[in-house]
Amino acid sequence: MEKISLVATDLQELISLSPDPIIAVNRAGIIVMFNIAAEKLLGYSGEEVIGRISIKQIFATADQARFVNKLLYTSPDRNIQGHETQLLSKKKRIIDIRLSAKLIVRDGEEVGSIGFFHDLTESKKVELKLKSMSITDSLTGLYNQRHFHAVLETEIERAKRHFRPLNLICTDLDNFKQVNDALGHLEGDKALRFVANTIRKVLRKTDMAFRYGGDEFMLLLLETCSEEAEAIGRRLKESFDKRWAEEWSPKRGCPLVSISMGIAEFDRKESPKGLIRRADFLMYEAKNRDRR
Ligand SMILES: Nc1nc2c(ncn2[C@@H]2O[C@H](COP(=O)(O)OP(=O)(O)OP(=O)(O)O)[C@@H](O)[C@H]2O)c(=O)[nH]1
């Protein structure tokens, strides 16, 4: 096969055509090459930066710049591969990037380094969206059951470590099946969103609400003693009853729906599952009591 040999002008053209930013610096860290993609990403023209500013200035923080420098000098091959960090644009926008870089050594002497940057803005957005979707209940917008278990475990550990109280309110609608039966599933969905909104209105900033499944919701109250939790539970019940009477009861054939709840304060000796079981049990006790 015929070999292709590249000359300096070909390389320059390739660098300028690269869709990813390529930046080279001299030994002192001053920018000596800044391709078109770098101009586009960071908003500087080549003229503004070449020979004028230090690479340190385009990192989001001095610590990030120092860390990259350290990686470059401490890696066995004097290179960095796929390090995620952040740059700062001329307009002070922080940009997530992935960086691969290499020290350039000529005749045994270090003359500078070259970095290949990849803009991660879009993939970070997708990552965030996927993360948010994976922890959110799509019907109500509250957190989902998977996230509930993860958060409960973390918060129980924190409560134990700092000797903080924590309360769990387990709620379940009464008669919800009749909403579906009488008004149809779409109205049933709307009713579940209505419950979620009622919960949101009652909770404080540090409280967290989750749809546990069907018509069951969990409320995690951090740093909250049982008296406060009881007060929040009462407020939720009152608010729900009032709003249901105003907004849903006037609908033709709409059943009377209420909320049953069990409130359990975390006991240092129990596991997350133990706490859930206790709140669940108290909720069923309340449901059966109200039925009598
Ligand atoms: N519309 C709608 N209904 C749902 C959804 N998830 C669960 N359900 C319904 O919720 C109902 C729950 O039934 P039950 O557990 O018997 O609840 P209930 O009628 O409130 O009964 P009690 O709790 O005993 O008072 C069932 O009819 C499910 O079909 C949903 O996402 N949308």
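## The β3-β4 hairpin

In the hairpin made by β3 and β4, with 5 residues between the strands, Lys92 takes a positive phi near 65°. Strands here are DSSP E runs of at least two residues, helices are H or I runs of at least four, and both are numbered from the N terminus. The two strands, β3 at residues 79-88 and β4 at residues 94-106, pair in the antiparallel sense over 8 bridges; pairing asks for at least two DSSP bridges between the strands. Leu88 has Ile94 in β4 as its bridge partner.

A word on the ground rules. This is a predicted model, where local features need pLDDT of at least 70 and side-chain atom pairs count only at pLDDT 80 or more, while totals for chains, interfaces and linings use all residues. Residue numbers start from 1 along each chain as its sequence is written.

## The four-stranded sheet

Further along there's an open sheet of 4 strands, ordered β7-β8-β6-β9 with antiparallel pairing. β7 (208-213) and β9 (258-265) sit at the edges with a single partner strand each, so one side of each has no neighbour in the sheet. Neighbouring strands are turned by 20° against each other on average, direction ignored.

Gly213 has Glu216 in β8 as its bridge partner.

## Helices across the sheet

Helix α6 (residues 145-162) lies across β6, β7 and β8, at about 135° to β7. Helix α9 (residues 226-247) lies across β6, β8 and β9, and runs at about 175° to β9. For these angles, axes are lines fitted to C-alpha atoms (for helices, over the stretch in contact), and values run from 0 to 180 degrees between N-to-C directions. Contact means C-beta atoms, placed from the backbone, within 7 Å.

## Around the ligand

The ligand is surrounded by 14 residues, and the closest are Asp174, Phe176, Lys177, Gly188 and Gly214; to count, a residue needs its C-beta atom, placed from the backbone, within 6 Å. Elements giving two or more residues to this shell are β6 (166-174), α7 (176-183) and α8 (185-202). The largest share, 4 residues, comes from α8.

By type, the shell divides into 4 nonpolar, 5 polar and 5 charged residues. Nonpolar covers Ala, Val, Leu, Ile, Met, Phe, Trp, Tyr, Cys and Pro, charged covers Asp, Glu, Lys and Arg, and the others, Gly among them, are polar.

Notes. Two residues are in contact if their C-beta atoms, placed from the backbone, lie within 7 Å.
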